[in-house]
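This note is intended for a colleague meeting the structure for the first time. Please read the numbered points beside the sequence and the model.

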Amino acid sequence: MLNAVRAPFTHRYAAPIWLAVRLYLGYMWIQFSLQKFQAGWLTSDPVGSMLKLVADGTLNVPFEFYRGIARLLVDSGASVLLSHSMPFISGVLVVPAAIGATLLNVNFILSGIGVISFDGRFIALQLLLLLAFRIAGLIGFERLAFRILGGIVRKVRPARSPATS
């Protein structure tokens, strides 16, 4: 009995189920963000103004390459809502996206913007993705992304010199 309950969260053959859940959540988050852009709702977004400061070079950042990413986000008009959809669709960083999306949904409910009958199902699906974190991103680009990042880190990290005694 316990294995039947545990299998969808741990067995790799359940990965297509989690792919369908990820794609559904990603599609819904894209729809939310597109509706926000089309309506012009909350155009004075504080995250957007912070990204503009980073992209313009006014605000210091620890990694210089982030200025290009911030410029891309500012130019494309991306928002927090859109930033949750990409990890769900690609399979890269599903767990942080699920945590952030769950917190955002809870914030919507607590502020009165959202309702449990609508946002509750998204919270439930995102929490299920968190429970299936080992296989939720199995079908996707996560391995490729980590392989690329690993290669970059190996090139950037200085070689260790042998200890002299």
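1. The largest nonpolar core has 19 residues, and those with the most contacts inside it are W18, L25, W29, F88 and L129. Such a core is a set of buried Ala, Val, Leu, Ile, Met, Phe, Trp, Tyr and Cys residues joined through side-chain atoms within 4.5 Å. At least two residues of this core come from each of α2 (15–39), α6 (94–111), α7 (116–131) and α8 (133–136).

2. The model is predicted: local features need pLDDT of at least 70, side-chain atom pairs count only at pLDDT 80 or more, and totals for chains, interfaces and linings use all residues. Residues are numbered from 1 along each chain as its sequence is written, and side-chain values use heavy atoms, with hydrogens and water left out.

3. L25 touches F88, F122, L125, Q126 and L129, not counting residues up to four places away in sequence; contact means heavy atoms within 4.5 Å.

4. R22, in helix α2, is buried, with a relative accessible area of 1% (buried means under 20%, exposed over 50%, partly exposed in between, with a 1.4 Å probe and protein chains only). Its side chain reaches the backbone oxygen of I139 at 2.8 Å. Leaving aside neighbours within four places in sequence, the contacts of R22 include F88, L129 and I139.

5. Is I148 buried, partly exposed or exposed? I148 is found in helix α9 (residues 142–156) and is partly exposed, with a relative accessible area of 47%.

Definitions and conventions. Helices (H or I, at least four residues) and strands (E, at least two) are DSSP runs, numbered from the N terminus. A polar contact is a pair of N or O atoms within 3.5 Å; within protein, one must be able to donate a hydrogen and the other to accept it, and residues adjacent in sequence count only if both atoms are side-chain atoms.
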